[in-house]
Amino acid sequence: MIQVQDVTKAFAGKKLFESVSTAFPAGRRYGLTGPNGAGKTTFMKILGGDLEPDTGVVSRPKRFSMLKQDQYAFEDRTVLDVVLMGNAALWEAMQEKERLLAKADLTDEDGSRLGELEGTIAEEDGYSAEAQAATLLEGLGVFESEQHKKMREVTGGNKVRVLLAQALFGKPMALLLDEPTNSLDLDSIHWLEDFLLQFEGTLVVISHDRHFLNAICTHIADIDYETIITYTGTYDDMVRAKASVRTRIESENSDKMKRREQLQEFVARFSAGTRASQVQSRIKQLEKLSLSDVKKSNIARPFIKFEQKRPSGKQTLTIEGLSKKFDKPLFTKFSALITKGERVAVVGRNGVGKTTFVRTLLGELKPDAGSVAWGHEAQIGYMPQDVKPIIPVGTTCFDYLHDIDPAAGNEQIRGLLGRMLFRGDEGMKPTKALSGGEAVRLLFCKLMLVQPNVLVLDEPTNHLDLESISALGEGLANYPGTVIFVAHDRDLIDTVATRILAFHHGGMEDFAGDYETFLEKHGGFIEAH
């Protein structure tokens, strides 16, 4: 169990949470939620001991594990060794054993110590540890060919997966995971869900993946109103319960306000008359009639509505015999016709070529064979994975949008910025100072301003919080144009996609239907088993 007592934390004069007391018992799986900037990662670091609270204390089990964020902390270690380091007692015993065995002459004391170390290694399942570590890595998409490499030799995405395997290894009593699905493909997320559903200790996880939270959580600890409120159930259960509680309190307050007005009117009317006893009775009722304190929520939801200036032709995109390879073939002789209004999700494991495919469709990369032809009147709005490099520095959010469409009025641009949570003076924020989430929201402003009839989006949920992802899903589902998007967010794909292009087994499958039906066909995984 993790126990939190009277914890308060503020940054730069902003109070994130105050006098929080709560417990995270074993056997429960908590989603730690709240909008960007609410203090989720700060609270997670306090739980893990990486950050001291301003006031209060945290007690945690001796054996707990936390997902590390420094991808470059183990560059000279092999992938398998980094995972084994997740069990500190086992790793220290194995390292000491190696040092002793490397000695030219062993003393009797050394021999005795080796016996103790063998006992520790046996207790920690050390003789099957490498096999267990390899199984974890395989499930997360780091395959055998990568497992004996040094960390400096693997990609950034795989470094994140290795650190996640490290956190999962060694049977911790408490597990703290901050955005564990970042850099994971859909199959790996599915595997992680299954793993965490079997975890018997305390789990606290931060995620912007709504489907993931709904799949694994038994409880939600929500940071809002400068405190942490725990709800039983999934993320969707929490949203319903939170809305219900607030609606009830606001309704009760409204009724109390009406009653107060009636009592105040009676007191004012008869205070100088002969009904003094009744007036005193009403005054006492007024004193008891206090309003519930409904603090302002820090949740803010953007409003995303994509429109098109004019529609494209019916045949939006024709792909004929498209092939591309780098070290290996990514897609070969792929042909498809995408028609107006279709919403196409491009899915598959990391590294299979999804972004390469999208860039080839856009003409940024030349195919090895085949052709891509956009249809009549097709106007494309593109969002790459990393949006910050395409936003110029040396300007403001407002001026950036005004430069894109000088004919747009000031009120129109301010309205778009406000809908994407750049309110008041925030619209004049320098573009170089934008966070990742703000940069993505500014690109959405651009797309809503330009109004293309085709949207091509590569991982558009990067850096977004749950509220923004939900708003994006609604915006894309209601968009009359054509959408081609790469995503690992199951909820977004479920909400938006009407057609699936899936990379697997060295090729591509064109599936006409929604994602749930696609998964039923393939037994729950993108890679058919």
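No disulfides are present in the structure, a disulfide being a pair of cysteine sulfur atoms within 2.5 Å. Cys397 takes part in none, the nearest cysteine sulfur, that of Cys445, being 7.9 Å away. Cys397 is buried, with a relative accessibility of 0%, and Cys217 is also classed as buried, at 7%; here buried denotes under 20% relative accessible area, exposed over 50%, and partly exposed the range in between (1.4 Å probe, protein chains only).

The model is predicted, so that local features need pLDDT of at least 70 and side-chain atom pairs count only at pLDDT 80 or more, whereas totals for chains, interfaces and linings use all residues. Residues are numbered from 1 along each chain as its sequence is written, and side-chain values use heavy atoms, with hydrogens and water left out.

The chain contains 18 helices and 18 strands, assigned as DSSP runs numbered from the N terminus (helices, H or I, at least four residues; strands, E, at least two). Its C-alpha trace spans about 105 × 75 × 50 Å along the principal axes. Of its 529 residues, 49% are buried. Among contacts (heavy atoms within 4.5 Å) between residues at least 6 apart in sequence, 67% join residues at least 24 apart. The chain exposes about 25,100 Å², of which carbon and sulfur atoms supply 49%; accessible areas were computed by the Shrake-Rupley method with a 1.4 Å probe, and for residues only the protein chains shown count as cover.

Charged side chains comprise 64 positive and 75 negative ones, with the centres of the two sets 7 Å apart. Lys and Arg count as positive and Asp and Glu as negative, while His and the chain ends are not counted; each charge is placed at NZ of Lys, CZ of Arg, CG of Asp or CD of Glu.

A search of the whole structure identifies 27 salt bridges, defined by a side-chain nitrogen of Lys or Arg within 4 Å of a carboxyl oxygen of Asp or Glu. One of them joins Glu342 to Arg499, with the closest N and O atoms 2.8 Å apart. Because Glu342 lies in the loop between β11 (329–339) and β12 (343–347) and Arg499 in strand β17 (residues 499–504), this pair ties together parts 157 residues apart in sequence. Glu342 is buried at 17% relative accessibility, and Arg499 is buried at 8%.

Arg490 and Asp494 also form a salt bridge (2.8 Å, N to O). Both residues lie in helix α17 (residues 490–496), four residues apart, about one turn of the helix. Arg490 is buried at 17%, whereas Asp494 is partly exposed at 31%.
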